[in-house]
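Here's a quick briefing to read with the model open beside you.

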Amino acid sequence: MISQANGMISTSSASVNAQSPGLKTYFKTPEGRYKLHYEKTHPSGLLHYAHGKTATQVTLANLKDKPAPSTPTAPPSSFSASSGVRSAAARLLGAGNGSRALGFGGGNGGSKSLSGSSRIGSLSASSSSNSMNNTNFDGKGTYLIFNVGDAIFISDLNSQDKDPIKSIHFSNSNPVCHAFDQDAKDGHDLLIGLNSGDVYSVSLRQQLQDVGKKLVGAQHYNKDGSVNNSRCTSIAWVPGGDGAFVVSHADGSLYVYEKNKDGAGDSSFPVIKDQTQFSVAHARYSKSNPVARWHICQGSINGIAFSSDSTYLATIGRDGYLRVFDYSKEQLICGGKSYYGALLCCAWSMDGKYILTGGEDDLVQVWSMEDRKVVAWGEGHNSWVSGVAFDSYWSSPNSDGTGETVMYRFGSVGQDTRLLLWDLEMDEIVVPLRRGPPGGSPTFSTGSQSSHWDNVCPVGTLQPAPSMRDVPKLSPLVAHRVHTEPLSGLIFTQESVLTVCREGHIKIWMRPGDAENQSGNSEIVLSASSKEKPLLSGKFGGSSYRQ
């Protein structure tokens with residue numbers, strides 16, 4: 001680990017003020033102040049024709065102890081692709097990562113050495129002067145993987161050094177999405193999807209160990225767009241899927257891959273007869289990879305996110321629809337339309353009860369899986385909502401002692417450069433009961449939604465956009481301008497909130513109490529393990545804090 005100097009905090013804040021005099025280095029919540037601790041960004045000299053054409057997204061990667069035996073290494077290889085990575089994150093960000101950019105998987109990735117004959121071009125990697133440069137380095141730690149223009153950068157989250165420790169540059173195409181499987185027992189744990197449609201899986205630890213100028217041990221899928229030549233839009237490991245992952249594309253299709261199979265396995269699927277209808281086709285041969293194609297919608301799939309138990313897969317599209325599928329049954333369960341325009345991001349609550357979506361209508365929508373419809377709208381952004389996430393580490397100071405989640409904290413970021421925090425307390429939301437006679441006003445009540453709707457919509461029904469007056473409204477607890485450029489994502493960790501703008505600048509905001517504690521410590525340990533996320537419980541009422 002790289003130790004931090006105590007004085008770096010004030011220095012970082014001072015430099016931020018110098019660059020962005022209109023931005024504050026803290027924001028207030030009922031729990032206290034979130035303070036800007038430090039920043040991560042790409043090298044200052046980075047200028048490229050593709051810069052800004054793809055939005056920067058971040059994946060949080062928590063590498064555990066080095067496995068035994070160590071991950072096998074393949075000969076260094078020159079291979080195609082260009083980069084512009086967009087997570088999920090959380091994903092994370094899931095997403096969306098938003099809710100869950102991390103997945104579960106096992107098995108050896110069966111690394112395949114790649115030749116440099118691909119049409120996309122050659123890929124090179126460079127390491128900065130502070131790069132870890134010995135092969136005995138086990139890679140244990142927490143890292144940020146993010147894209148800017150035609151490059152992917154890797155930064156050590158536990159270091160206050162703004163510059164990345166490794167950069168990987170691509171040519172001819174940009175990466176647009178990526179995902180990390182923190183529980184991969186061996187083999188490949190990092191996925192990268194490209195604007196060209198190509199997909200790669202690699203070992204993050206191998207990349208950190210390597211000091212050469214080439215990415216090592218990569219497995220190549222959908223080479224040269226052989227299966228689908230439209231842009232990758234999102235990528236995710238299947239939680240508990242033993243190395244399975246899914247990739248969505250701009251033509252409305254989603255493909256299921258298995259990392260243990262040869263990436264060059266022949267796959268052919270029948271022509272899609274009706275672009276507007278959901279359909280699933282499976283590969284004809286057992287060795288084929290991808291193993292299945294889901295055609296979701298007409299137009300681009302803009303994001304995907306799995307529920308934490310992998311039961312459900314949520315997709316959001318250019319057509320403005322959220323769709324929720326039973327993943328194992330390959331069945332559409334529910335969904336509905338945005339108030340206006342495309343949906344751009346989505347995220348699950350850890351208990352799988354709610355889904356957040358955001359998009360071009362400037363609203364944050366809260367969907368209930370129990371009711372299969374929108375149960376609240378968050379109004380507060382002044383432009384498109386580009387990232388949403390539940391704060392699974394937050395718990396309110398007052399608990400009711402039942403262990404039930406009675407309040408959720410979530411965040412959203414948008415092209416208005418602002419971070420908004422929200423408290424969702426379902427028992428206090430005013431819910432329309434039903435419409436009265438024609439021309440009359442709807443009646444309202446409070447309490448559990450399930451008792452209020454006349455009927456839960458049948459399985460497989462996509463709801464039209466609801467009327468504004470039929471949906472309860474939420475106001476943000478916090479509204480803070482955190483960057484000078486439009487934002488593209490956010491991630492919650494146990495000690496902080498991470499925000500990222502489209503131009504590749506990342507800010508780490510320490511939670512109340514943690515900022516003071518960290519100022520006296522020599523090291524920051526930011527955990528990304530989903531297993532450490534506590535159950536949310538308790539209630540808390542507070543006024544709105546705006547900066």
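This is a predicted model: local features need pLDDT of at least 70, side-chain atom pairs count only at pLDDT 80 or more; totals for chains, interfaces and linings use all residues.

A charge counts as sitting over a ring if NZ of Lys or CZ of Arg is within 6 Å of the ring centre and within 35 degrees of the ring normal. Residues are numbered from 1 along each chain as its sequence is written, and side-chain values use heavy atoms, with hydrogens and water left out.

**Rings and charges**

- R33 also lies over a ring face, that of Y26, at 3.9 Å from the ring centre.
- Searching the whole structure turns up 19 aromatic pairs. Here, rings of Phe, Tyr and Trp (its six-membered ring) pair if their centres lie within 6.5 Å; planes under 30 degrees apart are stacked, over 60 edge-to-face, and the rest tilted.
- F27 and W509 make a tilted pair, because their ring planes meet at 55°, with the centres 5.5 Å apart.
- F27 is buried at 0% relative accessibility, and W509 is buried with a relative accessible area of 0%. Buried means under 20% relative accessible area, exposed over 50% and partly exposed in between (1.4 Å probe, protein chains only).
- Another tilted pair joins F146 and F153, at 5.7 Å centre to centre and 35° between the planes. Both of these Phe residues are buried.
- Ring pairs also tie F278, W294, F306, F325 and Y327 together in a cluster.

**The five-stranded sheet**

- Strands (E, at least two residues) and helices (H or I, at least four) are DSSP runs, numbered from the N terminus. Two strands pair if DSSP finds at least two bridges between them.
- Five strands build an open sheet in the order β13-β14-β15-β17-β16, paired antiparallel.
- The edges belong to β13 (232-237) and β16 (279-282); each has a single partner strand, so one side of each lacks a neighbour in the sheet.
- On average, neighbouring strands here are turned by 20° against each other, direction ignored. The angles come from axes fitted as lines to C-alpha atoms (for helices, over the stretch in contact) and run from 0 to 180 degrees between N-to-C directions.
- β17 (residues 292-295) pairs antiparallel with β16 over 4 bridges, and β15 (residues 253-258) pairs with β17 in the antiparallel sense, also over 4 bridges.
- What is the bridge partner of Y255 in β17? It is R293, and R293 is also the bridge partner of A281.
- H295 in β17 stands opposite S279.
- From β17, A292 and W294 point one way while R293 and H295 point the other, and all are buried.

**Cysteines**

- The structure has 0 disulfides, a disulfide being a pair of cysteine sulfur atoms within 2.5 Å.
- C346 is buried at 0% relative accessibility, and C297 is buried with a relative accessible area of 1%.

**A buried histidine**

- H178 lies in strand β9 (residues 175-180) and is buried, with a relative accessible area of 0%.
- Its side chain meets that of T59 in a polar contact of 2.3 Å. A polar contact is a pair of N or O atoms within 3.5 Å; within protein, one must be able to donate a hydrogen and the other to accept it, and residues adjacent in sequence count only if both atoms are side-chain atoms.
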